[in-house]
Amino acid sequence: MRVRQALVPTVLSFVLLGSQVVARATQIVGTFNSLRSTTANFLMGDYTHEAQAAFDTNFPNATIESTSTLTTQFLSGINTLVIGSPSTESTGITPLSTSEQSALLNFVLAGGNAFLIADGYIPYTAAAESFVKPFGMTIVDDGLSGVLYATPTTQSNPVINGPFGDVTTIPLYGAGIITNLGPYATTLATMNALNKPVLAEIPAHALGPTSGRVLIVTNAAFMMDDAAGGFFSQDPQLFLNAMNYALTPEPTSLALATVALAGFAVAGMRGRFRHPSAH
């Protein structure tokens with residue numbers, strides 16, 4: 001487990017960049033530990049050092065908790081879940097069990113955000129399928145070889161047009177494609193060669209009145225080191241915008257937090273001007 005001490009004592013703090021919000025809230029991120037995922041592990045693997053450094057620099061208030069199994073107990077203690085289907089370069093993690101899939105769905109229904117790196121390359125396909133099955137989606141291997149590219153289908157989503165820059169193209173290698181978006185997801189980017197989704201989102205409140213958001217990407221190369229055959233240095237915006245979006249509360253939550261903080265400020269002012277006899 002890697003833990004970072006919160007640098008800001010308030011419950012919520014944000015930096016505005018234009019119309020975008022950069023998360024500065026203290027967030028608890030959950031991911032798999034080395035018992036479930038090894039070299040390709042999000043923020044813990046030997047192939048993701050560049051992503052680890054970028055995360056540490058840009059999200060210093062985040063606390064990371066890890067587990068080998070998704071359980072209701074574990075998920076109840078985090079705000080955002082980030083998991084990937086690769087374990088090593090050539091093997092995938094053990095697919096989510098039925099109970100893990102149920103726990104994942106209930107976590108999102110209760111308001112949790114999930115960032116699913118559901119890489120559909122053949123060794124990882126079974127794990128990727130288990131990630132998206134609870135949401136009525138399907139993923140298969142693209143059946144192609146070599147470096148390919150995807151193009152965003154929208155510029156209005158914070159993952160594509162976010163505080164860390166615009167995502168114009170997404171390099172892919174050994175990717176999957178989404179063959180069924182299900183009833184909730186919308187496409188954010190499609191593979192040029194096949195015109196099939198490789199990046200999608202289930203917006204907040206799509207699954208239910210209190211549900212969180214889900215981001216799905218079908219290739220893990222965007223967060224892998226260049227030395228490991230990845231493309232992180234070519235397109236860090238995708239990783240950082242996606243992480244920021246997954247960590248940022250809904251605007252309604254931000255508004256409520258602002259009202260609450262304003263209330264605290266007013267209360268403090270009243271306290272300053274209270275008549276001495278009132279103490």
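This is a predicted model: local features need pLDDT of at least 70, side-chain atom pairs count only at pLDDT 80 or more; totals for chains, interfaces and linings use all residues.
The strands considered here form an open sheet of 9 strands with mixed pairing. Across the sheet, the strand order is S4-S3-S5-S6-S15-S14-S13-S8-S11. Strand S4, residues 63-67, and strand S11, residues 170-173, are the edge strands, each of which pairs on one side only. On average, neighbouring strands of this sheet are turned by 20° against each other, direction ignored. Strands of a sheet pair through backbone hydrogen bonds, in either a parallel or an antiparallel manner.

Two packed helices are described by the angle between their axes and by the distance between the axes. Helix H1 spans residues 49-58 and helix H5 spans residues 236-247; the two pack at an angle of about 45°, and their axes are 11 Å apart. H1 and H5 are therefore oblique to each other. The crossing of H1 and H5 is right-handed.

The largest pocket has a volume of about 380 Å³. This pocket is lined by 22 residues, of which Glu89, Tyr121, Tyr124, Tyr173 and Ala228 are the closest to its centre. Classified by residue type, the lining of the largest pocket comprises 11 nonpolar, 7 polar and 4 charged residues.

Note on methods:
Residues are numbered from 1 along each chain as its sequence is written. Side-chain values use heavy atoms; hydrogens and water are left out. On a 1 Å grid over the protein atoms alone, a cavity is a set of points where a 1.4 Å probe fits but cannot get out, and a pocket is an open set with protein on both sides within 12 Å along at least five of seven lines; lining residues have an atom within 4 Å of a point. Grid points are joined across faces, edges and corners, and a volume is the space filled by probe spheres set on the points. Ala, Val, Leu, Ile, Met, Phe, Trp, Tyr, Cys and Pro count as nonpolar, Asp, Glu, Lys and Arg as charged, and the others, Gly among them, as polar. Two strands pair if DSSP finds at least two bridges between them. Helices (H or I, at least four residues) and strands (E, at least two) are DSSP runs, numbered from the N terminus. Axes are lines fitted to C-alpha atoms, for helices over the stretch in contact, and angles run from 0 to 180 degrees between N-to-C directions. Angles under 35 degrees count as roughly parallel, over 145 as roughly antiparallel, 65 to 115 as roughly perpendicular and the rest as oblique. A crossing is left-handed if the near helix is turned anticlockwise from the far one by less than a right angle, and right-handed if clockwise.
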